[in-house]
Amino acid sequence: MDATKMNTTTMKRTKWFWPWQDEKEEGWLEEMSQSGWHLKSVQLPCVYTFNKGEPCRNAYRLDYMLMKKDQLTEYLQIFQDAGWEYVGEMSNWRYWRKRVMNGETAEIFTDNESKIKKYQRMLVIMVFFLIFLTFIGTNMFINRTWTEPDNILLIDVIYSLAMLCYVVIIPIYVVVVVKLIWRIKQLKQNRL
Amino acid sequence: MSGHDDIHQYLPLTESTYYILLALAEPMHGYGVMQNVDSLSEGTVKIGPGTLYGAFQTLEKEGLIVKVGEEERRKIYTLTPKGREVLNLQISRLRIMVRSGSAI
């Protein structure tokens, strides 16, 4: 699952995470920092670049939000004023880091409501994609008139592959949506 | 009657929202709000930047706060008359809570 490229000072790693498991991802980045690998940048598709440095205790936090450019300026400023260092952005996930001083906890969300809202933002996007894909998929199934089996065209192959994707991708989105709803429900019951 | 209900739908405020509104009785930017909440609450409430940014967006949309300026990329907000009204209602609710609590 993990692909690692490494030399003495930088390391690239490709790692996938599910949107309801962002806290696990934060924990992993914190462990990396404790072993001296500090996140330098993130880019699609899930490529993390680390720099080697002194091992230290860093808090990593992930935020999820769609943002316009003028909103971003204000957003970044508020976080930086609060002492957070911006690492980067990857498909609307923003990665934040802060040095943890003795026993202090560092949180970007300090109440349950705002934490819940983060997952609700993800949920809205995922539901949107789910509806979009279902719509496209359904239209392809209904409107496609199949050619005779002895006359298979390239277009049929493409369509078949597309169908297969929908059969796989749509269930994945359903799982993501259900998991996010579950996570929100958990938070609402205050079981952090 | 409808105007009356309108204001009450925001109550009770969460602890974070209460302190954010309290801080914004004076025009202030995000960093100021975070520091102010810390001192106003005597250290009992900390506002993280994610929570604050979200609160600014929500409160502005609800018309409880408004942008009044900008200072070195920092947006300055303050209470609207509606925001002040909500805050005052919350304060009187809190007074009742403290009064009834002092009886024991």
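**View 1. The largest cavity has a volume of about 40 Å³ in this predicted model.** A search of the whole structure finds one cavity of 30 Å³ or more. On a 1 Å grid over the protein atoms alone, a cavity is a set of points where a 1.4 Å probe fits but cannot get out, and lining residues have an atom within 4 Å of a point. Grid points are joined across faces, edges and corners, and the volume is the space filled by probe spheres set on them. Residues lining the largest cavity include Glu74(A), Asp81(A), Tyr31(B) and Arg74(B). Two or more lining residues come from each of α2 (69-81) of chain A and α3 (30-40) and β3 (74-79) of chain B; α2(A) gives the most, with four residues. Helices (H or I, at least four residues) and strands (E, at least two) are DSSP runs, numbered from the N terminus.

**View 2. Here we look at helix α3(B) and its buried residues.** They are Gly30(B), Gly32(B), Val33(B), Met34(B) and Val37(B), where buried means under 20% relative accessible area, exposed over 50% and partly exposed in between (1.4 Å probe, protein chains only). These residues pack against α2 of chain A, and also against α2 (15-23), β1 (28-29), α4 (49-61) and β3 of chain B; contact means heavy atoms within 4.5 Å. After the helix comes Glu42(B), with a positive phi near 50°.

**View 3. Arg61(A) meets Glu26(A) in a salt bridge (3.6 Å, N to O).** A salt bridge is a side-chain nitrogen of Lys or Arg within 4 Å of a carboxyl oxygen of Asp or Glu. Glu26(A) lies in helix α1 (residues 22-34) of chain A and Arg61(A) in strand β5 (residues 58-64), so the pair ties together parts 35 residues apart in sequence. Both Glu26(A) and Arg61(A) are buried. Arg61(A) also forms a salt bridge with Glu107(A) (3.0 Å, N to O). Glu107(A) is partly exposed, with a relative accessible area of 33%.

**View 4. Arg97(A) and Glu85(A) meet in a salt bridge (2.9 Å, N to O).** Arg97(A) sits in strand β7 of chain A and Glu85(A) in strand β6 (residues 85-90), 12 residues apart. Arg97(A) counts as buried at 9% relative accessibility, while Glu85(A), at 41%, counts as partly exposed.

**Reading the labels.** Residues are numbered from 1 along each chain as its sequence is written, and chains are lettered from A in the order in which they are written. In this predicted model, local features need pLDDT of at least 70 and side-chain atom pairs count only at pLDDT 80 or more, while totals for chains, interfaces and linings use all residues; side-chain values use heavy atoms, without hydrogens and water.

Notes. On a 1 Å grid over the protein atoms alone, a cavity is a set of points where a 1.4 Å probe fits but cannot get out, and a pocket is an open set with protein on both sides within 12 Å along at least five of seven lines; lining residues have an atom within 4 Å of a point.
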